[in-house]
Amino acid sequence: ERGEPIVSNDYASSPGAMPDIVAAGRRSSVILPIKISNRVLGVVAVGSQVVNHFTADRVRLLTAISDGMGALLENARLQEEERLRVLELATANQQLQSEIAVRTVAEEQLQQALERMRLLLDGIVRAMASAVEVRDPYTAGHQQRVAQLALAISRRMGLTEDQQEAIRIAALLHDVGKIGVPSELLTKPGA
């Protein structure tokens, strides 16, 4: 409990001496604490068949040995903690890499879907613009020219690519209302 060696140089006359140990020939003994960070973890008992065997020098030597045992046990504990932490980090790293791979695939699929949607939108816009040109052949190519001019202006203004694309689409569709106008009105001279 105190963390100090207990020396018994006449074991047979010590209180609590065990008869079977005395019968086995033990005459003196020392019990040394195994300490880790000033905390007693356990003890080591050393016996001798010689009375008064454990001199102060021998007790100091055995104390150094038991202190070394404590240091070894502490080092082993720290190494085990480090091993477990490395294992935990490796597992977390593998999970993160797996999650990154899944997200990368999802992002690629999303980009592909977005590109398909852009192509679909572009096809729809072109079809609508073509429908306007069919309804009013006098203005054939007008939507394309307006779109090119609007796109050039938006670039010059320094607008983002998304803004430029929105302006291009709006220019292509600016006459879409003509689809609902009767052909007689569109082709009427002076209209």
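Reply: Here are some notes on a helix, a serine and the rings. This is a predicted model, where local features need pLDDT of at least 70, side-chain atom pairs count only at pLDDT 80 or more, and totals for chains, interfaces and linings use all residues. Residues are numbered from 1 along each chain as its sequence is written, and side-chain values use heavy atoms, with hydrogens and water left out.

Me: Which residues of α4 are buried?

Reply: Gln 164, Arg 168, Ile 169, Ala 171 and Leu 172. Buried means under 20% relative accessible area (1.4 Å probe, protein chains only).

Me: Why are they on the same side of α4?

Reply: Because they cover an arc of only 160° around the axis. The arc is taken from the directions from the helix axis to the C-beta atoms.

Me: And what covers them?

Reply: The cover includes α2 (56–135) and α3 (142–156).

Me: Switching topic. Where does Ser 48 lie?

Reply: In strand β3, residues 39–48. Strands are DSSP runs (E, at least two residues), and helices are runs of H or I with at least four, numbered from the N terminus.

Me: Buried or exposed?

Reply: Ser 48 is buried, at 10% relative accessible area.

Me: What is Ser 48 in contact with?

Reply: Leaving aside neighbours within four places in sequence, Gly 25, Arg 26, Arg 27, Ser 28, His 53 and Phe 54. Contact means heavy atoms within 4.5 Å.

Me: What does the Ser 48 side chain reach?

Reply: The backbone nitrogen of Val 50, at 3.0 Å.

Me: Last one. What lies over the face of Tyr 11?

Reply: Arg 26, at 6.0 Å from the ring centre.

Note on methods
Buried < 20%, exposed > 50% of the residue type's maximum accessible area, 1.4 Å probe, protein only. Polar contact = N/O pair within 3.5 Å; in protein donor to acceptor, adjacent residues only side chain to side chain. Lys NZ or Arg CZ within 6 Å of the ring centre and 35° of its normal.
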